[in-house]
Amino acid sequence: MYVALILILVAVGSVVFHIFSPWWWTEIASNWGYIDTTVTITFWITGTVFVAIVFFMAYCVYKFRYRENRRAHYQPENKKLEIWLTVLTAIGVFGMLAPGLFVWQQYVTVPDNASEIEVLGQQWQWSFRYAGEDGKLGTTSPKYVDDDNLFGLNPDDPNGQDDILVDADTLHLPMGQPVKFLLRSHDVLHNFFIPQFRAKMDLVPGMITYFWVEPIRTGEFEILCAELCGTGHHEMRGDVIVESQADFNEWIAEQSTFKQVMEEARLKQENQIKVASDNKPATLEEK
């Protein structure tokens, strides 16, 4: 009897704690409220099954408790019960999978007016690349990657000369504008995750993965790496600043283009060669 009551209290207490829990989602900051709805549907289905199973266990504990002279009844199969369990299980699984497939189809179907931003992950930092005035990102290749060309842009591609390079952990986005994130990794598996956007995706070495998002309110939000990527995984963080279009335009105008970065690298290299030449010890003939 006491065991049955404890089981019922566990089921009821779990539901009550879930409903009134102080730990819940942060306020959403993007268009992906569909994901919250999908998770809520999953909670309802799994919660209902959990309560039903625990209540059934409590019923069995009480109904079939020990009594003297009671004999067990052996029933090897029950086709009617098996049919009901199969049908209800199929309905439950469909109810959890169908909304997710619907949302996933939207998640990877990018609007035609979405701008593109490349997200580059490496141990253990984020970097970002925006399209320049031409609205097109330049092509890249691993063979071009070096200390000066972190993204590996093709120096002969005219579309990449005006690309905006942000070698920092802060991502700026204009509010109300759809954005397609192109995700790349230089080393190991990472995961680009913005909790307030309800959006995340793996960065797979050798591949370009993507998803899109539309910020719906201004603010500053945190970027996390949601995939264990080495000893510095906990430090792989960043910030997303969602701002008005005017503020975004002002910020983007202050950033360096690929052409400017490469020109600065060339001048720096020439200066280093000149300094090294000036500091070279004089030969006997020069003396």
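Student: Where is Arg198 found?

Tutor: Good place to start! In this predicted model, Arg198 lies in the loop between strand 6 (190-194) and strand 7 (199-203).

Student: What makes the phi of Arg198 worth a look?

Tutor: Arg198 has a positive phi of about 55°, although it is not a glycine.

Student: Which residues does a cis peptide bond join?

Tutor: Gln123 and Trp124 are joined that way, with omega at about -5°. For background, most peptide bonds are trans. You can find Trp124 in the loop between strand 1 and strand 2 (125-130).

Student: Why is helix 2 called roughly antiparallel to helix 3?

Tutor: Let's take the value to begin with. Helix 2 (residues 33-63) and helix 3 (residues 79-107) pack at an angle of about 170°, and their axes are 9 Å apart. Angles over 145 degrees count as roughly antiparallel, so helix 2 is roughly antiparallel to helix 3.

Student: Which residues make that contact?

Tutor: From helix 2 come Tyr34, Ile35, Thr38, Ile41, Thr42, Ile45 and Thr46. Helix 3 brings Gly92, Gly95, Met96, Pro99, Gly100, Val103, Gln106 and Tyr107. Sorted by kind, the residues of this contact are 8 nonpolar, 7 polar and no charged.

Student: How do you know that Lys180 and Glu116 form a salt bridge?

Tutor: Compare the distance with the cut-off. The rule asks for a side-chain nitrogen of Lys or Arg within 4 Å of a carboxyl oxygen of Asp or Glu. For the side chains of Lys180 and Glu116, the N to O distance is 4.0 Å, and the pair is a salt bridge. This pair links distant parts of the chain, 64 residues apart: Lys180 is in strand 5 (residues 179-185) and Glu116 is in strand 1 (residues 115-122).

Student: How many salt bridges does the count come to by this rule?

Tutor: The count is 7 salt bridges.

Student: What makes up the nonpolar patch on the surface?

Tutor: Its members are Met1, Tyr2, Leu5, Ile8, Val12, Val15, Val16, Ile19, Phe20, Phe55 and Tyr62, with about 1,100 Å² of accessible area together. To belong to a patch, a residue needs over 30% relative accessible area and no salt bridge.

Student: Which helix gives the most to the nonpolar patch?

Tutor: Helix 1 does, with 7 residues. Leu5, for instance, is found in helix 1. Helix 1 (2-19) and helix 2 each supply at least two residues of the patch.

Key
Residues numbered from 1 in each chain as written. Predicted model: local features only at pLDDT ≥ 70, side-chain atom pairs only at ≥ 80, totals over all residues. Heavy atoms only, no water. Axes fitted to C-alpha atoms, helices over the stretch in contact; angles between N-to-C directions. Helix = DSSP H or I, 4+ residues; strand = E, 2+ residues; numbered from the N terminus. Parallel < 35°, antiparallel > 145°, perpendicular 65-115°, else oblique. Contact = heavy atoms within 4.5 Å. Nonpolar A, V, L, I, M, F, W, Y, C, P; charged D, E, K, R; others polar. Patch = residues over 30% accessible without salt bridge, like charges linked within 9 Å, V, L, I, M, F, W, Y side chains within 5 Å. Areas by Shrake-Rupley, 256 points an atom, 1.4 Å probe, with all protein chains shown as cover.
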